[in-house]
Amino acid sequence: MKRSAEIIALEERLGHRFDRPELLRRALTHSSMSGPGREDNQRLEFLGDRVLGLVMAEALLSEDRKASEGQLAPRFNALVRKEACAEVAREVDIGAALKLGRSEMMSGGRRKQALLGDAMEAVIAAVYLDGGFEVAQKMILRLWGNRVSTVEQDARDPKTSLQEWAQARGMTPPAYVETARSGPDHAPVFTIEVRLASGQKADATAGSKRKAEQEAAAALLAQVSENG
């Protein structure tokens, strides 16, 4: 199979030259471009998620040999979640090589967090199938860089921490309300307000509902901590 300039450039950024470049092409093919004779990357995404998980689990155990399961689990989640995968995908510019249908391309698909995160997982699977586990492991650890060693010691997400804080005081779980939405369809911006039964509240604005919820929860956690 002849390699395009985009494929060659991406291979260089990934640090792996494919023996079977069709695997990388499939990993970069979004479902909007699938059809007869052209598979999309969804099955590879499923596999890549598991390969990434194993690599990160081993890396965390090696990084901190005394950490409990309760400490390791939130760190693991922080390293493998879609946002982390999308961040790495942006660093190696996977978006430039994505194969998208016209509608996705017109709506800014090359910049969408979900598409980038999925593609990163699919690329991991492609490297695994092409070169084996050790090759995939080395690539993942190189691309994730110091994220493993610098992941927060307590990486529980703010929403979980806020809910635990409320439950410990006999309150109902925090309520999250979307109070505003702006921006174009391909890059919406959300404002989310989180409220406690006590009446305390905080809000945050971000490019995804999840991130806005997390940031609002973090803001409210800081507020209630200051108030004792």
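This is a predicted model: local features need pLDDT of at least 70, side-chain atom pairs count only at pLDDT 80 or more; totals for chains, interfaces and linings use all residues.
Let me begin with the annotation. The unreviewed UniProt entry lists Glu45, Asp118 and Glu121 under "binding site". Although these residues span 77 residues in sequence, no two of their C-alpha atoms are more than 5.8 Å apart, so they gather at one spot.

Where do two of them sit in the secondary structure, and what surrounds them? Glu45 lies in helix H3, which covers residues 42–63, while Glu121 belongs to helix H7, covering residues 113–131. Leaving aside residues up to four places away in sequence, Glu45 touches Lys82, Asp118, Glu121 and Ala122, so that two of its contacts are the other annotated residues.

Is Glu121 buried or exposed? Its relative accessibility is 4%, and because the threshold for calling a residue buried is under 20%, Glu121 counts as buried. The side chain of Glu121 also makes a polar contact with the side chain of Lys82, at 3.2 Å.

I turn now to the hydrophobic packing. The largest nonpolar core comprises 47 residues, and those with the most contacts inside it are Leu28, Ile94, Met120, Val123, Ile140 and Trp144. Several helices each supply at least two residues of this core, among them helix H1 (5–14), helix H2 (21–27), H3 and helix H8 (133–144). The helix that gives the most to this core is H7, with ten residues. As for Leu28, its contacts beyond four places in sequence are Ile7, Leu10, Ile94, Ala97, Leu98, Lys99 and Val123. There is also a second, separate core, made up of twelve residues, including Leu162, Ala166, Leu196 and Ala216.

Another residue to look at is Ala78, which is placed in helix H4. Ala78 has a relative accessible area of 18%, and therefore it is buried. The C-alpha atom of Ala78 is separated by 8.2 Å from that of Asp157, a residue 79 positions away along the chain.

Finally, the aromatic side chains. How many aromatic pairs does the structure hold? The number is zero. One ring does take part in a contact of another kind, in that the charged end of Lys159 sits over the ring of Tyr176, 4.7 Å from its centre.

Technical notes. Residues are numbered from 1 along each chain as its sequence is written. Side-chain values use heavy atoms; hydrogens and water are left out. Rings of Phe, Tyr and Trp (its six-membered ring) pair if their centres lie within 6.5 Å; planes under 30 degrees apart count as stacked, over 60 as edge-to-face and the rest as tilted. A charge sits over a ring if NZ of Lys or CZ of Arg is within 6 Å of the ring centre and within 35 degrees of the ring normal. UniProt positions are given in the numbering used here, feature names are shortened, and annotations may be inferred rather than shown by experiment. Helices (H or I, at least four residues) and strands (E, at least two) are DSSP runs, numbered from the N terminus. Contact means heavy atoms within 4.5 Å. Buried means under 20% relative accessible area, exposed over 50%, partly exposed in between (1.4 Å probe, protein chains only). A polar contact is a pair of N or O atoms within 3.5 Å; within protein, one must be able to donate a hydrogen and the other to accept it, and residues adjacent in sequence count only if both atoms are side-chain atoms. A nonpolar core is a set of buried Ala, Val, Leu, Ile, Met, Phe, Trp, Tyr and Cys residues joined through side-chain atoms within 4.5 Å.
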